Every structure is written in structure tokens, then in C-alpha cells.
Amino acid sequence: MNIVLIGYRATGKTTLARLLAERLGWSWVDADVEIEHRAGKTISQIFAEDGEGVFRDLEAQVIADLCARDQWVIAAGGGAPLRVENRRAMKAGGYVIWLQASPQTIYERMYSDPTTTQRRPNLTPRGGLEEIVELLARREPVYRETADFSVNTEGKNPQELVEEILAILKLGQGRRGGGVAG
């Protein structure tokens with residue numbers, strides 16, 4: 001069984017994957033980093049040189065591989081749940097947790113982290129807060145459909161979020177025939 005964290009960019013997936021894995025004694029991975037490793041270039045470079053379709057195909061391969069593992073915490077890319085095969089792999093691999101934040105919070109987090117803007121391209125011509133609002137509106141139904149649980153990350157520090165996630169998973173042990181000890 002795994003824990004897959006989904007949600008828009010800058011909702012805390014990578015940070016929480018690392019902390020949850022440490023707490024559980026599991027391994028963790030950022031799917032976007034794994035994609036970059038396999039491609040030998042950044043996500044921005046993949047988009048610019050090969051196009052979004054090539055990126056999404058590689059992402060699907062990575063998600064399938066990662067979700068087939070056991071006792072991993074996986075930080076999935078923000079768009080990973082958009083493909084049906086990714087949603088199936090995530091749900092088959094364990095618990096899926098949707099990390100949420102407001103568009104304004106996401107915007108502030110993204111633009112205060114230089115690595116986010118360097119490694120990840122705009123996904124619409126407008127970019128910025130308008131892009132976040134637009135894409136969240138499109139993605140939220142998919143996130144909702146995919147997730148077993150959701151966690152609002154607003155105003156909470158990472159340790160508080162880890163405790164909240166572990167508590168939710170303990171309460172939901174019967175929901176998918178498993179559970180996580182914390």
C-alpha cells in the first residue's frame with residue numbers, strides 16, 4: 001500500500017511526502033523529479049522541446065511504475081490525475097489524498113519559490129493567478145473524484161498536516177481494506 005498526494009502545484013505535496021515517509025519509515029518520491037531524471041531534462045525543457053503530450057505520456061509511465069511499489073509516499077504532479085490510467089493506478093496503489101489551498105495561497109507559494117518558476121512552465125498563455133484559478137476550476141472535479149480524502153493546507157505547518165493526514169488515514173482504515181499506522 002502507498003499514499004499518493006495529489007493537488008495543484010505548491011500545495012505541499014513534496015514536503016509532506018518526505019515528512020510522511022520519515023514518520024512511517026517508508027520511502028518517498030516526487031513524481032516530477034522522477035520524470036526529469038528519466039528524461040534527462042527539466043519539465044520546462046520537456047514542454048518546450050517535446051510538447052505536453054510527450055510529458056504526459058512519460059508522466060503516465062512514471063505514475064504506473066511508482067504506484068506499483070509498496071510502502072511509498074508519492075507526490076504526484078498537479079496534472080497527473082487528469083489521465084484516467086493515472087487515476088486508476090493511484091487508486092489501485094493505495095490511499096489518495098488531495099491537498100488543497102486557495103488560488104491566492106498557491107500563487108504566493110509558487111512565486112516565493114524560485115525553483116517552481118524555473119522548473120515548471122506556465123500551462124496557459126496568461127500564467128499567474130489567472131492560470132491558477134482557471135486550472136483549479138477544471139481540475140477540482142478530477143481531484144475530488146480521485147481522492148479518498150482531502151486536506152486543506154491553509155494556515156497549517158507541515159508537522160500539523162502530517163498529524164492530520166495520519167489521523168485521517170487511521171479513521172479511514174476500513175474504507176479501502178487497509179490502513180496506516182502512525
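Author: A residue counts as buried when its relative accessible area is under 20%, as exposed when that area is over 50%, and as partly exposed in between (1.4 Å probe, protein chains only). By this rule W98 and Y143 are both buried, and buried residues make up 48% of the 182 residues in the protein. The model is a predicted one, in which local features need pLDDT of at least 70 and side-chain atom pairs count only at pLDDT 80 or more, while totals for chains, interfaces and linings use all residues. Residues are numbered from 1 along each chain as its sequence is written, and side-chain values use heavy atoms, with hydrogens and water left out.

Reader: What makes the pair of W98 and Y143 tilted?
Author: Rings of Phe, Tyr and Trp (its six-membered ring) pair if their centres lie within 6.5 Å, and planes under 30 degrees apart count as stacked, over 60 as edge-to-face and the rest as tilted. The centres of W98 and Y143 are 5.8 Å apart and their planes stand at 45°, so this pair is tilted. A search of the whole structure finds four aromatic pairs.

Reader: Which parts of the chain does the pair link?
Author: W98 belongs to strand β4 (residues 94-100) and Y143 to helix α8 (residues 128-146), so that distant parts of the chain, 45 residues apart, are linked. Helices (H or I, at least four residues) and strands (E, at least two) are DSSP runs numbered from the N terminus, and the protein has nine helices and five strands.

Reader: Why is R69 called partly exposed?
Author: The relative accessible area of R69 is 31%, and therefore R69 is partly exposed. R69 is placed in the loop between α4 and β3 (72-75).

Reader: How do you know that R69 lies over the face of W72?
Author: A charge sits over a ring if NZ of Lys or CZ of Arg is within 6 Å of the ring centre and within 35 degrees of the ring normal. R69 lies over the face of W72, at 4.3 Å from the ring centre.

Reader: What makes α3 oblique to α4?
Author: The axes of helix α3 (residues 43-50) and helix α4 (residues 52-67) come within 7 Å and cross at roughly 130°. Angles under 35 degrees count as roughly parallel, over 145 as roughly antiparallel, 65 to 115 as roughly perpendicular and the rest as oblique, and α3 is therefore oblique to α4. The contact (heavy atoms within 4.5 Å) is made by I43, I46, F47 and D50 of α3 together with E52, V54 and F55 of α4.

Terms used. Axes are lines fitted to C-alpha atoms, for helices over the stretch in contact, and angles run from 0 to 180 degrees between N-to-C directions.
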